[in-house]
Amino acid sequence: MSAHRARRWGAGLLGVVLASGLLAGGTASAVTGATPVPDGTYAFTAKVTFGDARACTGALVDQNFVVTAKTCLSDGTTPVAAGAPTKPTTVVVGRTDLTTAAGRELAAVAVVPHPDRNLALLRLSAPVTGIAPVTLATTAPAAAETLTVAGYGRTATEWVPDRLHAADFTVQAVATATADIVGASAGATICKGDAGGPALRDAAGTPQLVAISNTSWQKGCLAETETRDGATLTRVDDLGAWVREQTADVQIFGVTSGGQLTYTVVDSASQVVRATRQSAATLGFTAKAMATLNENTILITDTGGKMYRLDVTGLDPLTFTKTWVMDGWSAYDRLTYDGYGSLYGIIASTNELRRRTLTTEKPATANDLSRPTVIATGFGQKTLTSPGPDRILGAVADGRLLSYKINGSGGEGWVAGTLATTGWGSYRHVVSPGGGFYYAIDGLGRMRAFRDANPYDGSGADLTAASACCLPGWDQTLLSARPWHGLVSVYGAKPDGRLTYTAFDPVTGAKVFSTVSTQTLGLTPKALATLNSDTLLVTDTGGNLHRVDVTSTQPLTFTRTTDRLGGGWTHDRLVYDGYGSLFGQAGGVLHRYTVTKTKPAVATDITNHVVPIASGFGVLSLGANGKGHLITTTSTGALATYYITPAGAWDGRFDPATTGWSGVTSLFSPGSGHYYRRDANGVLTGYLETGPFDSTGADLTAYVPTGTASGGWDAILSVQSYDSWPDSTRRW
């Protein structure tokens, strides 16, 4: 586009300012020449709201991504950068009529701006199911071609319409990155709020995304006096490779023998390599071990023991900056990060495993890699990766593939499982982003993908090859996969029967999103336990137990079993440990049950009732921080822990803190030694115990993100255990 053309179209930006959008509402009527879209048509179209600044339109191009205009995601003062949106951003997909509850409403958790075009991808907080993404066109728009453009923007009569509308436009001219269009019928135009809206080609009855709305003169739009006609589109027909790369979910970084950084993107569903690149610059040192923290942050040590942080500044070409963090890492030859705040390293000479805790996404000093903890010796696997929170995985020279659940120092510091007894000795690297996906590189530089249906059970019975051997070209000396970051997922129940859901980052404590259901349980809730990512157990004040199936977290929707799972559930508190045991407290009595199904349907699915403590268990709050391990607070202000054996016997109590825990109304732990307590004012505070089962409270400290999610928390709270599976909250 020429400079003259850029100035010309720049006069009509299409993001609608929400302050003015509050002036009107009502039933939508189309711009002259356009028509309201029938319900269900173009369901992939999305309405994007960027804080209180503007609203635009977008299109679902992947279950996890929506494309929209980059200008929609800016406050107008700084360029749009990759990472979290600078304002809370919501995306509504599949809701032709905005006055209904159809489709999905989700938070956007990351922005991926295109480097050269007014276009960005928004990564959603959860995948959109039941709505097919639009197919990207592969041929350019042609002069005189007719395209249909859809949007939620202003019409001739309304500031903020309630319906998606669309009109046909004729392509006038095509440039490298844009296309000029004009209404195919009198009055058809594009208005504020339509920016990012899909421009579609009909291909034998199937819509294809050719471009998105960019700028317009806005002739005919409400309150506009412009007489000039036409608009521009941002082309996407030639961006298929870029979109596929950005939407692929496995990112693997590496180091070559020459010291260059490498980057490879793999799609876990197809195991297709979407892109691979190598930096021109070298690290400037001989790398010894590496761990990837997130999409643009890597920790690498050199042979002299220095640890550096690499900040990836670009992917095409692959560029980075280097920052020294600390010394003292010469003994370590294997590193990995679990995505939940735990960095693991193995000392070569002794095979000793150590752990440090991250409290920031970009550690700058030794203080950001705190709480050094010695786990144990004997970790002789030659490769090291993490498949999930507090878990490490590695191949041994004798051919075994070993999996470990790491609890911390002291008793029960780790639990081992053998996933395979033979066949893994020839692999030089094994890396995992999480989710049960393992990628193994053999001595010839060939990759093979594996899938573990339940990576948390310590068993290899469900481990299968996910792809035929092999993807060649993997000759890096070091490899590390970006971990799929996790969330602390907390459900709450209000006295009126509404449910709440809050997700926050376990490393920084930052809220990702928080929602409240509009529907109610139809009962007065008394106790709540979370079994897995979409299954809750709730009791009412009448002693009835019900199963609640969460169908969406944004908005929060659910179904409740009509028939109760059983009566007599007069427990004051419930908690699930992630390993099949449901605990309940009734007065001074502790009960334990075995949950035999991920979604119990009848009373007999919750069986094996035992009473580990028959009296004196008058605790004020109840949580679980591991298999059979309970955390509680008492009337004396103590934080007390209990262990219940697999047979159902109480095996002692220990108090990590004897004072300072008064006034706690709810206490929960997702695992990893992370404890969160709610006080009488509804404020949540985080704590970390590096060795939760070591019978000492010396390692219990207030976690850096104290006051993790501020106030307003419900009195009845329940967290999803890190150890429960399946876990649909982890992807990116």
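**Entry 1: Cys191 and Cys221**

I began with the disulfide that joins Cys191 to Cys221, where I read an S to S distance of 1.9 Å. This is a predicted model, so I treat each value here as computed from it. The torsion about this S-S bond is about -95°, so I noted the disulfide as left-handed. Cys191 sits in the loop between β12 (178-183) and β13 (198-203), and Cys221 in the loop between β14 (206-216) and β15 (231-235), so the pair ties together parts 30 residues apart in sequence. Are the two cysteines buried or exposed? Cys191 is buried at 0% relative accessibility, and Cys221 is buried too, at 3%.

**Entry 2: Cys56 and Cys72**

How many disulfides does a search of the whole structure find? I got 2. Besides the pair above, I found Cys56 joined to Cys72, with S to S at 2.1 Å. Its partners come from distant parts of the chain: Cys56 belongs to strand β4 (residues 54-62), while Cys72 is in the loop between β5 (65-68) and β6 (89-93), 16 residues apart. Here the S-S torsion is about -105°, so this disulfide is left-handed. I logged a relative accessible area of 1% for Cys56, which is buried, and 1% for Cys72, also buried.

**Entry 3: Lys47**

Cys56 turned up again when I looked at Lys47, a residue of strand β3 (residues 45-50). Leaving aside neighbours within four places in sequence, I listed the contacts of Lys47, among them Ala55, Cys56, Thr90, Leu98 and Tyr152.

**Entry 4: strand β28**

Next I went to strand β28 (residues 391-395), where 5 of the 5 residues are buried, so the strand is largely enclosed by the rest of the structure. I checked which way they point: Arg391, Leu393 and Ala395 go one way, Ile392 and Gly394 the other, and all are buried.

Then I looked at its partners. Strand β27 (residues 385-388) runs antiparallel to β28 and is joined to it by 2 bridges, with Gly388 opposite Arg391. Their hairpin has 2 residues between the strands, and there I noted Asp390 with a positive phi near 55°.

With strand β29 (residues 401-406), β28 pairs in the antiparallel sense over 5 bridges. I picked out Ile392, whose bridge partner in β29 is Tyr404. This hairpin has 5 residues between the strands, and Gly399 takes a positive phi near 105°.

Methods. Residues numbered from 1 in each chain as written. Predicted model: local features only at pLDDT ≥ 70, side-chain atom pairs only at ≥ 80, totals over all residues. Heavy atoms only, no water. Helix = DSSP H or I, 4+ residues; strand = E, 2+ residues; numbered from the N terminus. Contact = heavy atoms within 4.5 Å. Disulfide = S-S within 2.5 Å. Buried < 20%, exposed > 50% of the residue type's maximum accessible area, 1.4 Å probe, protein only. Pairing = 2+ DSSP bridges.
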